[in-house]
Amino acid sequence: MKDSFSIFVIPFCAGVLVLLGISVWKYWRWIRSFDKLQRAIIRKNIWSWRFLPAIWEAFREGLLHWRITKKNLLLGYMHRSLAFGWFLLIVVGAVQARLAYPDGHPFWMAIFYNYFEPECHPVDFPRAAFFANLMDGLLLYVLSGLMLAMFKKVWSRPLGMKRTTRHTLMDRVTKLALWSIFPLRLLSEAVTAGINGNGGFLVTWLGGVFDSIGISNPAFEYTCWMLYSVALGTFFSLMPFSRYMHIFTEVFLIYFRQLGVHDSNKKTGYTMFELSACSRCGICIDGCPLNRELGITNVQGVYMLQSIRNLELQRNAEPIAENCLMCDRCVADCPVNLDLSVIRRQVRIKNKAAIDTKQGYSYLNDVQPFNAIGRIAYFGGCMSHLTPDITRSMEIIFEAVGQKYWYMDKDQTICCGRPLLQQGFERQAFELRRKNTEMIVNSKATMLITSCPICYQSFKKEYHLSIPVMHHTEYIDMLVKSGRLKLRKDDRRVSYHDPCELGRGCGIYDEPRNVLRATTTLLKTDQEREKSLCCGFNLGNPLLDLEQQTRIRDAARDNLLAPHPDTIATACPMCKKAFTHADNIPVKDIAEIVAANIIEGSAQ
Amino acid sequence: MKNFGFTISTGRSINLDEIREENISKLLEMVPSYKWCIGCGGCTATCSAGAFTNFNIRKIHNSFVRGQYQGLDKELQQCMLCGKCLLVCPRGVNTRSLIVNMRRILAGVEANTFKGKEVIQ
Ligand code: SF4
Ligand code: SF4
Ligand code: SF4
Ligand code: SF4
């Protein structure tokens, strides 16, 4: 005689309790270690309407896996069927149990509905058969995703992934528990259906088969349900220690992000949420230039986060964090939108703390600001001094439109500080920012224009200037649009290289292209915009040697040369330097192309 | 007068006994490309910090291998890590890495080196 309880539900219930207890404890600890700014942002925005977009995003990303689907349909289907399918199984199961037992029921009866149904006498609710079939359909949906996941293990190419993540032991065990849940559910329900004839189309059919081969008996039935419950219980208890914690954490992370919280230079509770929200999907591996060109496959986002999270692997965090170009390709690819470069920088900052001193720059104290009232400030940047054609072209452009300017770093450059910050020298970078800010503010310049995307990102995001900051491509685009600068089109056919810091770093993709379309014939390349390839010569990676940088550069060059341009255009002095020696083809900054194509007398 | 980044060196003596071999081998382990340096001074000529002071990066790494450690760390702190020297060096020496690792060695906080595949269990 069955009633609403059976011993086999205990592993499941215990698993749920463990999961709940540990999750609440973990999340609580993490939330308490948010830093001051992060707390202030939460307090300020918690009563706003921002939870609405957060709910939508959590649904879209946590359940439908939209961003992954955009990368690869099959991969998206796999993730969606497992996540959304299981979610629906739980929700529809709960509705079904609610309708069947209007007077209430213990919560496990929704999970093990088919087992208890024959003896617990549910009421005759309308559409009971429909629900049974729906549940079977959903189970089939989840199982289809599971098959794909297994298929991906042996052959991942069709799912758009060349390399998949190497998981830790804990993750592999937990995955085994997860993978066994759904086949066990099918088996249990089918045996019950074989005995009692309940359930939907799938399990009744399979139950019939079991019956015909004579294996449907109560003892076997009980064993199956026990195994199913044990699989669930194991999965739930291991979940908080495995990658599957990302299922819940991502929802929290999305909410905090919508509230406006962002990562800081130190590891905080928010970072813990990010570490845990990584699903270890491994999407960050394929696009990484270190993997593509150099076969370095153990430093990408997924392994960096793993080394920070996992106590045994923590000694690897430093060398992993160092070995990265900071090109942000993985940041653009990550479906969870994790701030991988900021987290990487946190590790670098921690490891440079002992040698990060700020006394070294006292020689800058004597540098006097300039009176630039009524002018804009132009900051060429350190690198532009090695590509004087760029700065000369900018001067030609300023003169053509009659713009009065102050060339801030004509003779001496105080570096913007971003190269220091990228390497983890937080205090030293701050000193340089302080000095540059003082110079700019005291000059009373009305706008800041820079030719180097590294400086641009720094001035834009790390300085808090009250005047507009523009990269020269933005500025030229603005001049052209407003009619202040008139350009002619020449017969050059150009491929444009998106510099990492300008494109993925600051989202400037269209302005350079507008300017190039106005002056040349712009060709399309295979990997552009968010997918653009790093030129390999940026300052992010202190470990690569020249030969390795050159290999990365050559891959980017081949991509640019594919549509047979006669000029390579870019918007960064460093990229220009990188490509200049790559081939005989001319490499021009957009400013140079513009300066050569000004129609005389275009000044207003 | 125009400052070309070069100054007249003050007189100094090199005491070979002061050289700590392990410092040089550590540096070469961290920055293998340093062995290609020909001491041309290109890095110094272009240096952003050198435009403000007589900071001389070639002199510093020379002093380092000659065992003249006195005051080096303090001098090295003037570098802005801007990377110009890196692009100028005709021998492909990873100058920024050289600077950071000299500082680490002088301060006794060496980097944890990367040991191949041990990252993943
Ligand atoms: S960092 Fe992002 S892309 Fe990489 S494994 Fe984690 S979730 Fe996937
Ligand atoms: S930032 Fe670039 S180099 Fe670094 S891990 Fe990501 S893709 Fe690879
Ligand atoms: S430019 Fe290169 S080769 Fe010349 S001194 Fe500097 S590091 Fe040595
Ligand atoms: S990185 Fe340092 S040594 Fe090299 S040019 Fe810049 S300031 Fe000078």
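**Close-up 1. The shell around ligand 4, by class, has nine nonpolar, two polar and one charged residues.** Ala, Val, Leu, Ile, Met, Phe, Trp, Tyr, Cys and Pro count as nonpolar, Asp, Glu, Lys and Arg as charged, and the others, Gly among them, as polar. The model is predicted; local features need pLDDT of at least 70, side-chain atom pairs count only at pLDDT 80 or more, and totals for chains, interfaces and linings use all residues. Residues are numbered from 1 along each chain as its sequence is written, chains are lettered from A and ligands numbered from 1 in the order written, and side-chain values use heavy atoms, without hydrogens and water. Residues around ligand 4 (a heavy atom within 4 Å) include Cys47(B), Cys79(B), Cys82(B), Cys85(B) and Lys84(B).

**Close-up 2. Gln96(A) sits in helix 5 (residues 73-100) of chain A.** Helices are DSSP runs of H or I, at least four residues, and strands are runs of E, at least two, numbered from the N terminus. Gln96(A) counts as buried because its relative accessibility is 4%. Buried means under 20% relative accessible area, exposed over 50%, partly exposed in between (1.4 Å probe, protein chains only). Beyond four places in sequence, Gln96(A) contacts (heavy atoms within 4.5 Å) Tyr113(A), Phe125(A), Phe131(A), Ala132(A) and Met135(A).

**Close-up 3. Helix 27 of chain A spans residues 546-561.** Its buried residues include Gln549(A), Arg553(A), Arg557(A) and Leu560(A). The buried residues of helix 27 pack against helix 15 (289-294), strand 5 (493-496), strand 7 (567-570) and helix 28 (573-580) of chain A.

Technical notes. The expected span of a helix is 1.5 Å times one less than its number of residues.
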